[in-house]
Amino acid sequence: MINASLKELGAALAQKRISSVELTTLFVDRIEKLNPTLNAFVTVDRDKALAAARAADQKLGAGGTALSPLCGIPLAHKDIFCTAGWRTTCGSKMLANFVSPYDAHVVERLNDAGMVLLGKCNMDEFAMGSSNETSFFGPVKNPWNPACVPGGSSGGSAAAVAARLAPAATGTDTGGSIRQPAALCGLTGLKPTYGVVSRYGMIAFASSLDQGGPMAKSAEDCALLLNAMAGFDARDSTSLERPAEDYCRDLEKPLQGLRIGLPKEFFGEGMDAGVRAAVEAAIAEYRKLGATTVEVSLPNSSLSVPAYYVIAPAEASSNLSRFDGVRYGHRAAEYGDLNDMYAKSRAEGFGAEVKRRILIGTYVLSHGYYDAYYLKAQKIRRLIAADFQEAFKACDVIMGPTAPSVAFKFGEKSADPVQMYLSDIYTIAVNLAGLPGLSIPCGFDKQLPVGLQLIVPWFGEAKMLNAAHQFQLATDWHRRMPAGLEA
Amino acid sequence: MSLSLDDVSRIARLARIEISPAETEHTRDQLNHILAFVEQLQAVDTTGIEPMAHAVDVVQRLRPDAVTEADRRDAFQAIAPETEAGLYLVPRVVE
């Protein structure tokens, strides 16, 4: 049951072969047993989960055509999504005791579908990190090798699903925070087109880049989850008003004639040999499935990481100014005047990486430096986005590695911020352009999972999921699970 | 261009984050390391390129000027560090 797809779980629940209470108990038991070593969850609440499961069982008992295929299936939320009545920490001391007075739009949507919340997943503090080492609640262990990082920032969500502590989880992706941990933990993770999933109640990091999405064991699972998560929400001013889509509609289409673009910049230096071998084998598999490949170029992609480390900190410095120790969050115990209260509360409440990014952001937005840094980075952002438009003239989907290496060891990159930033070298450009991207497992290197990244034009999610699903029908990388976590 | 210790203190003041004298040097070195990395942007010719502020070109929606929120002051203030009579308390700012 722990390896079942969401479709299989939905069918088992609908046919009363298992109840939501039984399923929820199974996963909460696994969390209690395995989370002390993995640290994937920061909050778990058996009573709340079982109450939601009982409500889902009632809905399932009543039946009817309005019943969601996800009703009764347990799930975990990244602790960046506000959940009424549950603690929402964002991985920070600043919000260590924060209980949100409302639900995020994504949380509402999945609650309405009848999904059962198991708990809140650990993450890099305020989603700033690629290894989960910046969490105030300690790092998450990679279930494939506990000496390695799970990736970040949605590392708790990734580890929870990889270790089968939850059938699926939510994540958020500002520069790769869904796709990179999905790759490092052997999952399927989808970052939708900017504006498809509402950011209401999703604690803001860099608002022009942040986007929520599903993390699960397969493309089919992600399609089902995205059906429930996506949709217009007036409370997010960047939420797009579009007709509802069925993201499952194209899953079964054959890939005959699919044109795959391979950016030469993604296959140059910097990628580990084992990652390259797995990615190239996956491309060969796609050719067997009827796809053709063409070399494309993203000439400005090497500028995406430096442009991002101007734009994202600038937006973060503005967004995180709300944490002032006045209305919610940490307030220092001792202080002098109001400015001293702000400065001490923020010094105590934020960790080192968050402070670094706020300081960088403050500097690049400050008088005399705005044009040289922020405006310059925004112009380069347009060049990066235009590269993709040009490349998509020759192909339907771009493919390449999700990350340059498999999961690295704790401490390996944490001393040098720039080295850590470069672990998102293949994912960041996608956020700058606002495109949908997805990572699927495509092999192993050093006994650790390798991710293949798919990138498509705006609103191409259904096609991207189709390409991922057909690959998963022909291969079994996505079915592998870490050893020692069975039963 | 690299930051001095005074620059770091000024930025920290603007950001309202206290940095102890012991941390200033290390902070300066790390910020300079990051700024040196983003310096490569300066070499790119961006003449005539419009800055891109957002991923998708959308205009702000307008809505009727009507009350849409219920009064939830008690719920919002229940999570505040210090309140009194419906007000948030902070150190005195006006003598």
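A residue counts as buried here if 20 or more other C-beta atoms lie within 10 Å of its own. Keep that cut-off in mind for what follows, and also that this is a predicted model.

**Inside chain A**

Start with helix H4 of chain A, residues 105-112. Its buried residues are A:His105, A:Val106, A:Val107, A:Arg109 and A:Leu110. An α-helix has 3.6 residues a turn, so residues three or four places apart point the same way. The cover over the buried residues of H4(A) includes strands S2 and S4, strand S6 (211-216) and helix H7 (219-229), which belong to chain A. Just after H4(A) comes A:Gly114, with a positive phi of about 90°.

Next up is strand S3 of chain A, residues 116-121. Six of its six residues are buried, so S3(A) is largely enclosed by the rest of the structure. Which strands pair with S3(A)? One partner is strand S1 of chain A (residues 41-44), joined to S3(A) by three bridges and running antiparallel to it. Another is strand S2 of chain A (residues 74-78), which runs parallel to S3(A) and is joined to it by five bridges. A handy spot to look at is A:Cys121 in S3(A): A:Phe41 stands opposite it, and A:Lys78 stands opposite it too. In a regular strand the side chains alternate between the two faces of the sheet.

A few loop residues of chain A deserve a look. The peptide bond from A:Gly152 to A:Ser153 is cis, with omega near 10°. A:Ser153 sits in the loop between S3 and helix H5 (155-162) of chain A.

Then there is A:Lys16, which is not a glycine but has a positive phi, near 60°. You'll find A:Lys16 in the loop between helix H1 (6-14) and helix H2 (20-38) of chain A. A:Arg164 also has a positive phi, about 60°, although it is not a glycine. Its place is the loop between H5 and strand S4 (169-173) of chain A.

Is A:Lys16 buried or exposed? A:Lys16 has 10 other C-beta atoms within 10 Å, so it counts as exposed. A:Arg164 has 21 other C-beta atoms within 10 Å, so this one is buried.

**Helix H11 of chain A and its neighbours**

Two packed helices are described by the angle between their axes and the distance between the axes. Here is how that works out for two pairs that involve H11(A), residues 352-365.

| Helix pair | Angle | Axes apart |
|---|---|---|
| H9(A) and H11(A) | about 95° | 7 Å |
| H11(A) and H1(B) | about 95° | 9 Å |

Take the pair within chain A, where H9(A) covers residues 304-319. With an angle of about 95°, H9(A) is roughly perpendicular to H11(A). From H9(A), the contact uses A:Val310, A:Pro313, A:Ala314, A:Ala316 and A:Ser317. H11(A) answers with A:Arg357, A:Ile358, A:Ile360, A:Gly361, A:Thr362, A:Val364 and A:Leu365. By class, the residues of this contact are eight nonpolar, three polar and one charged.

Now for the pair that crosses between chains. H11(A) and H1(B) pack at about 95°, and they are therefore roughly perpendicular to each other. A:Leu359, A:Thr362 and A:Tyr363 in H11(A) meet B:Ile11, B:Ala12 and B:Leu14 in H1(B). This contact has five nonpolar residues, one polar and no charged ones. A:Thr362 also takes part in the contact of H11(A) with H9(A).

Chain B has three helices and two strands, in the order α-α-α-β-β from the N terminus on. How does its radius of gyration sit beside that of a compact globule? A compact globule of 95 residues would come in near 12 Å, but chain B has 22 Å. The C-alpha atoms of chain B fill a box of roughly 55 × 45 × 25 Å along the principal axes. Of the 95 residues of chain B, 16% count as buried.

The contact between the chains takes 39 residues from chain B and 52 from chain A. On the chain B side, the elements that give two or more residues are helix H1 (5-14), helix H2 (21-38) and helix H3 (73-77). H2(B) gives the most to that side, with six residues.

Conventions
Residues numbered from 1 in each chain as written. Chains lettered and ligands numbered in written order. Predicted model: local features only at pLDDT ≥ 70, side-chain atom pairs only at ≥ 80, totals over all residues. Axes fitted to C-alpha atoms, helices over the stretch in contact; angles between N-to-C directions. Helix = DSSP H or I, 4+ residues; strand = E, 2+ residues; numbered from the N terminus. Parallel < 35°, antiparallel > 145°, perpendicular 65-115°, else oblique. Contact = placed C-beta atoms within 7 Å. Nonpolar A, V, L, I, M, F, W, Y, C, P; charged D, E, K, R; others polar. Rg over C-alpha atoms; globule rule 2.2 N^0.38 Å. Buried ≥ 20, exposed ≤ 12 C-beta atoms within 10 Å, placed from the backbone. Pairing = 2+ DSSP bridges.
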